[in-house]
Amino acid sequence: MATGRCLCGAVSYEVHGPLRDVLICHCAECRRWHGHVSASTAARRADLVLTEERGLRWIQSPQSDARARRGFCGECGSSLFWDAPARDTISIAAGTLDHATGLRTASHWFVSQAGDYYELPEDGLPRHVRGGAEHDPTVSFSVRVVRDPEA
């Protein structure tokens, strides 16, 4: 089981199922939301359990083709979730996870919107110009077995 939280602890969660490897998103919304690129994993919505939610707030993601909303802590401001209502998965900011995860970075998304103040790394990972249903990383949920670091 994976756990995570915001900076101040007013939002904490558990994931009772597998996590997707991390995707790096360079879209303008993610850059504005996170202050730079977004590094997110995902889990099935049913596997995410909020253990503390007193600080959890949601806003609509104004340019989202998926009509997504973004979850954050209203007390400390930590960016936590990206949630598209038509999907059975929810994206989780990878930096909010506790402990070692065993996850790897899998690919870069929306590289066409990357900021001009940084260069995309030569890391050999797949790069996708846009997202969309045919390239949406949360639609197909392939699971890689990750050793539980607590086991």
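## Terms and overall make-up

A residue is called buried when its relative accessible area is under 20%, exposed when it is over 50%, and partly exposed in between. R69, at 30%, is therefore partly exposed. The structure described here is a predicted model.

The chain contains one helix and 10 strands. In sequence order these elements follow the pattern β-β-β-α-β-β-β-β-β-β-β. Of the 151 residues in the chain, 44% are buried. The chain exposes about 8,300 Å², and carbon and sulfur atoms supply 51% of that area. Among contacts between residues at least 6 apart in sequence, 59% join residues at least 24 apart.

Three strands form an open sheet in the order 1-2-5, and their pairing is antiparallel. Its edges are strand 1 (2-5) and strand 5 (48-52), each of which pairs on one side only. From one strand to the next, the twist averages 25 degrees.

Strand 1 and strand 2 (residues 12-15) run antiparallel and are joined by four bridges. Within this part of the sheet, A2 stands opposite V15 of strand 2.

In soluble globular proteins, nonpolar side chains tend to be buried together. The largest nonpolar core in this model has 21 residues, and the members that touch the most others are V15, L19, F81 and I92. Strand 2, strand 3 (22-25), strand 8 and strand 9 are the elements that give two or more residues to this core. Apart from this core lies another, made of six residues, among them C25, C27, W109 and F110.

The surroundings of I92 can be listed in more detail. Leaving out residues up to four places away in sequence, I92 touches Y13, V15, L19, A39, S40, T41, A42, A43, L48, L80 and F81. V15, which stands opposite A2, is thus one of the residues that I92 touches.

## Salt bridges

The structure holds seven salt bridges. One of them joins the side chains of R69 and D83, with an N to O distance of 3.0 Å. R69 belongs to strand 7 (residues 69-73) and D83 to strand 8 (residues 79-83), so this pair ties together parts that are 14 residues apart in sequence. D83 has a relative accessible area of 5% and is therefore buried, while R69 is partly exposed at 30%. Both residues also belong to a network of salt bridges that links R45, R69 and D83.

Another salt bridge is formed by E52 and R54, whose closest N and O atoms are 3.5 Å apart. E52 is partly exposed, with a relative accessible area of 27%. R54 is also partly exposed, at 47%. E122 and R127 form a salt bridge too, with 4.0 Å between the closest N and O atoms. Here E122 counts as exposed, because its relative accessibility is 77%, whereas R127 is partly exposed at 37%.

Most residues other than glycine have a negative phi. H99 has a positive phi, near 60 degrees, and is not a glycine. H99 is found in the loop between strand 9 (89-93) and strand 10 (105-109). With a relative accessibility of 57%, H99 counts as exposed.

F110 is another non-glycine residue with a positive phi, in this case about 55 degrees. F110 is placed in the segment after strand 10. Its relative accessible area is 18%, so F110 is buried. As noted above, F110 is among the members of the six-residue core.

The loop that holds H99 also contains L103. L103 is buried, with a relative accessibility of 17%. L103 and V22 are 81 residues apart in sequence, yet their C-alpha atoms are 6.7 Å apart in space.

Technical notes. Residues numbered from 1 in each chain as written. Predicted model: local features only at pLDDT ≥ 70, side-chain atom pairs only at ≥ 80, totals over all residues. Heavy atoms only, no water. Buried < 20%, exposed > 50% of the residue type's maximum accessible area, 1.4 Å probe, protein only. Pairing = 2+ DSSP bridges. Axes fitted to C-alpha atoms, helices over the stretch in contact; angles between N-to-C directions. Contact = heavy atoms within 4.5 Å. Areas by Shrake-Rupley, 256 points an atom, 1.4 Å probe, with all protein chains shown as cover. Core = buried A, V, L, I, M, F, W, Y, C linked by side-chain atoms within 4.5 Å.
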